[in-house]
Amino acid sequence: MKASRNPALSYGVVRSSRTTADIVVERDGRVIVRAPAGLPDERIEDIVQAKQYWIYKTLAEWRDLNATRVVREYRNGEGFLYLGRSYRLSLVADQDEPLLLRNGRFCLRRNLVDHGEVATAKAAFRDYFIARGHERITQRVGYYAPKVGVTPRNVDVRELGHRWASCSPTGSLAFHWKCMMAPPTIIDYIVVHELCHFHSLDHTAAFWNEVDKILPNHRDRKEWLKKNGAAMEL
């Protein structure tokens, strides 16, 4: 992270082949400037200074949203999100799979949490969401790609840190496994968002126009993700 002319404001810079610069506040609260490869540092600093009000306003909203972050416990009756619904957890001893969704409940093998090893229980959920995500998200990409007019090279579901999804210059798409906690309409928004980056890497008016062609109500879905993303945690 770099310190700006304002000592209270720091930011990171990600350079790529894009043609314009923009600023985003990531899910982890970091301020990132996405800039063309050849843009001088001084010009980036000018952009940051010009957008200070927006940055502080967005950071304040981020803090408010993350104040409601949910910390889940791996015990009977706890609720876990899947496709926008909350399912109660049952700890069971008589199943071979680490985690199953059965009879309206998430059934987690009890020995995964008997010794307080939360990381093992989290891994069971993560693996479950990755497997289901490959099925659902690949299908949704296949549905929307012709509508957007693009052909992705491949689709992956994995850990992506603070990003919901990414689109590589080679045409590969990756989606965070946490997307599977969101309602299907929000998953579709994330899919369309990434597919439209094949037409425009930047979040310009031209990019949002492409999204609007496919999802005219994308603003509502974007706002839902902004407000509820912090709760999509294990």
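Me: Which residue lies over the face of Y128?
Reply: Keep in mind that this is a predicted model. The ring centre of Y128 has a neighbour at 4.2 Å, sitting over the face. That neighbour is R132.

Me: Is Y128 buried or exposed?
Reply: Buried means under 20% relative accessible area. Y128 comes out at 8%, so this residue counts as buried.

Me: What kind of pair do the rings of Y128 and F129 make?
Reply: The two ring centres are 6.1 Å apart, and the planes meet at 75°. Anything over 60 degrees falls in one class, so Y128 and F129 are edge-to-face.

Me: And how are the rings of Y74 and F80 arranged?
Reply: Y74 and F80 are both buried. Their ring centres sit 5.2 Å apart with planes at 45°. Stacked needs under 30 degrees and edge-to-face needs over 60, so this pair is tilted.

Me: Switching to the largest pocket, which element gives the most to its lining?
Reply: The pocket holds about 1,800 Å³ of space. Its lining has 48 residues, and V24, V25, E26, R34 and H203 are the closest to the centre. Elements giving two or more residues include strand 3 (22-25), strand 4 (31-36) and helix 4 (184-196). The top contributor, with seven residues, is helix 2.

Methods: Residues numbered from 1 in each chain as written. Predicted model: local features only at pLDDT ≥ 70, side-chain atom pairs only at ≥ 80, totals over all residues. Heavy atoms only, no water. 1 Å grid on protein atoms, 1.4 Å probe; cavity = no way out; pocket = protein on both sides within 12 Å on 5 of 7 lines; lining within 4 Å. Points joined across faces, edges and corners; volume = space filled by probe spheres on them. Helix = DSSP H or I, 4+ residues; strand = E, 2+ residues; numbered from the N terminus. Phe/Tyr/Trp six-rings, centres within 6.5 Å; stacked < 30°, edge-to-face > 60°. Buried < 20%, exposed > 50% of the residue type's maximum accessible area, 1.4 Å probe, protein only. Lys NZ or Arg CZ within 6 Å of the ring centre and 35° of its normal.
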